[in-house]
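Keep the sequence and the 3D view at hand.

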Amino acid sequence: MTERTLPPVTQLGMASLALIVAGGIYLASYLPRQVPLMPAVVLLAASTVLLIVNLLLLGRVRDFAWTRFVAVGKWALLAYTVTAGLIEFAFLRDGMSGAPLIVLTLSIVVYAVHVPVLIAFTVARYD
Amino acid sequence: MTGISTTQTSPDNAQAGAPNAVPNSVPALDFQVVPLKGLPVVAVILTGLVVAIAANKLWPLVFLHVAFGAAWTIIDLFMGFVIGPIMGKLPPPARIQVAIRLMPKMLLIMPTVVTVTLAAGWQLGTLMGTVDSSYYNHAWIVASYIVVGFMAVIALGLLSPANVAVLMELRKPKPNPQVIQSLMRRFIFAAGFTGTLQIAILVIMTRIRVG
């Protein structure tokens, strides 16, 4: 197997997902009470930073199989957008609103972008 | 998928009879990474989920959460403790034959089963009040969030990417056997880990049910 020097996309992606999962658990565990949003916002911000860092590091890789990355990534993005939409629908159906809804919606956006990036990266890195 | 048999190995991987030997080459295979015939079934199930959430009735939500949750638990346990170890001991050509039949189906089954279980479960918890922090078994509910959170990170970060990548590798004109070996090892490890966490889910769910 040809070993290439690639950024730690999978590790950063898993850390990013773990942060938004932690934020979601924090908010969900206090329902229906109002809780300070700051911990969830901090976790979401850290997760978003990891997503951006991941994309920047990946964008700097030379001779990467971008065609394969995009070919796989677009279908994965479609699939995970559908699942993200279903989760968002459940939140809206439950009458969630205001700042908690914004935090959870942005968390779902990070999830719907980062998972396809991880799938596309894992495929393209071996091309 | 065209008629592929286990005899479809090249002379280069004659040593592959040893379970963990890496063959020198793997023949290119023709199969669908995503089984298109399964997509309408997934669409029907997800439509049923949307209808159940919108209706917010007890029975459809219980049915979807229990039926799909049981499927999720059993599939994870079976993959982690039965299929995974068996695949790990198979000669690579046989492992590939199992993989090209099993993994495309898993690519549709698992995200569907997980999405339905979690979305129906959340709606059910809202309807029954079990997700409220005032619920007397709240600590067990939060424990279930944490275990599911771990499983989600492993499944989304390791399992799904390895699943897709090994199938894409097998479709190449000259698949790299070492890449396949490495990705399959990752898949089996992740399946075993989530299978172990499913035991915790069984403990938590039965504790919640008993009260």
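Start with helix H2 of chain A. Its buried residues are A:Ala40, A:Leu43, A:Leu44, A:Ser47, A:Leu50, A:Leu51, A:Asn54 and A:Leu58. A residue is buried if 20 or more other C-beta atoms lie within 10 Å of its own, exposed if 12 or fewer, and partly exposed in between, with C-beta atoms placed from the backbone. Helices (H or I, at least four residues) and strands (E, at least two) are DSSP runs, numbered from the N terminus.

Seen down the axis of H2(A), the buried residues fall within an arc of 120°, so they line one face of the helix. That arc is taken from the directions from the helix axis to the C-beta atoms. An α-helix has 3.6 residues a turn, so residues three or four places apart point the same way. On the other side of H2(A), A:Met38, A:Val42, A:Ile52, A:Leu56 and A:Gly59 are exposed. The buried residues of H2(A) pack against helix H1 (9-29) and helix H4 (98-124) of chain A.

A word on the model. It is predicted: local features need pLDDT of at least 70, side-chain atom pairs count only at pLDDT 80 or more, and totals for chains, interfaces and linings use all residues. Residues are numbered from 1 along each chain as its sequence is written, while chains are lettered from A and ligands numbered from 1 in the order in which they are written.

**Chain A as a whole**

Chain A has four helices and zero strands. Its C-alpha trace spans about 55 × 25 × 20 Å along the principal axes. Of its 127 residues, 39% count as buried. Two residues are in contact if their C-beta atoms, placed from the backbone, lie within 7 Å. Among contacts in chain A between residues at least 6 apart in sequence, 86% join residues at least 24 apart.

**Two helices by length**

The expected span of a helix is 1.5 Å times one less than its number of residues. In both rows below, the end-to-end distance agrees with it.

H4(B) has a kink of about 40°, centred on B:Ala155. The bend at a residue is the angle between axes fitted to the seven residues ending there and the seven starting there. H3(B) bends by about 35° at B:Ala99. B:Gly129 follows H3(B), and its phi is positive, near 80°.

**Where the chains meet**

How many residues of chain B are in contact with chain A? There are 33, and they meet 29 residues of chain A. Helices H1, H3, H4 and H5 of chain B each supply at least two residues of this side. The largest share, 15 residues, comes from H4(B).

**The core**

A nonpolar core is a set of buried Ala, Val, Leu, Ile, Met, Phe, Trp, Tyr and Cys residues joined through C-beta atoms within 7 Å. The largest one has 88 residues, and A:Val72, A:Ala120, B:Ala119, B:Ala120, B:Val166 and B:Phe187 touch the most other members. H4(B) gives the most to this core, with 16 residues. Leaving out residues up to four places away in sequence, A:Val72 touches A:Ile119, A:Ala120, A:Val123, A:Ala124, B:Val164 and B:Met168.
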